[in-house]
Amino acid sequence: MVSDIAPVSAPASAPLPAREAAVFAATIAPLVRATGWMRACGVLNGALAVLLAITIIGLPFAGALGWVAFLEFRAASRLDAARRHPAAPDGLGLATAAVNDIAVHYIIQAVVSLVMVLLFLLLLSLIAPLLGHGSSIHDLLRGG
């Protein structure tokens, strides 16, 4: 599981050497450039979570999307902090935690997507007989 990952390195008292700090900054640069998009997605997911929370059916999905929005904002903040202080002892730890947040985001997104596909198939199998297209999804997809 993603949350079981041990810290990469224990916080050290000395800053990273200049060369290692430059390599670290170059390594996280693509993620740092995307922090604005992470925050934008966090706002959109938060707004969608509020809209879904209004409905009873969407309540479980609202919780998942709210969690995703929180993870996106936290990952962006951690990456910004790691970018500002690449030579700081905790810079690598912040970047690792941000990548962990992004990984958890994708796990949640995959589970929610899978549940939505399964719910769609369930609803399709319930609606197919009502439409007079046989008694199964296969009959509905076949056209009769």
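A: On a 1 Å grid over the protein atoms alone, a pocket is an open set of points where a 1.4 Å probe fits, with protein on both sides within 12 Å along at least five of seven lines, and lining residues have an atom within 4 Å of a point. The model is predicted, so local features need pLDDT of at least 70 and side-chain atom pairs 80 or more, while totals for chains, interfaces and linings use all residues. Residues are numbered from 1 along each chain, and side-chain values use heavy atoms, without hydrogens or water.

Q: Which helix gives the most to the lining of the second largest pocket?
A: Helices are DSSP runs of H or I with at least four residues, and α4 gives the most, with 6 residues. The lining includes Leu48, Phe61 and Met116.

Q: What makes residues of this lining nonpolar, polar or charged?
A: Ala, Val, Leu, Ile, Met, Phe, Trp, Tyr, Cys and Pro count as nonpolar, Asp, Glu, Lys and Arg as charged, and the others as polar; the lining therefore divides into 9 nonpolar, 3 polar and no charged.

Q: Which residues put α1 and α3 in contact?
A: Contact means heavy atoms within 4.5 Å, and Phe24, Ile28, Leu31 and Val32 of α1 meet Leu79, Ala82 and Arg83 of α3. These divide into 6 nonpolar, no polar and 1 charged.

Q: Where is confidence lowest?
A: On the pLDDT scale from 0 to 100, helix α5 is lowest, at a mean of 63. Where pLDDT is low, coordinates should not be read in detail.

Technical notes. Helix = DSSP H or I, 4+ residues; strand = E, 2+ residues; numbered from the N terminus. pLDDT = per-residue confidence, 0-100.
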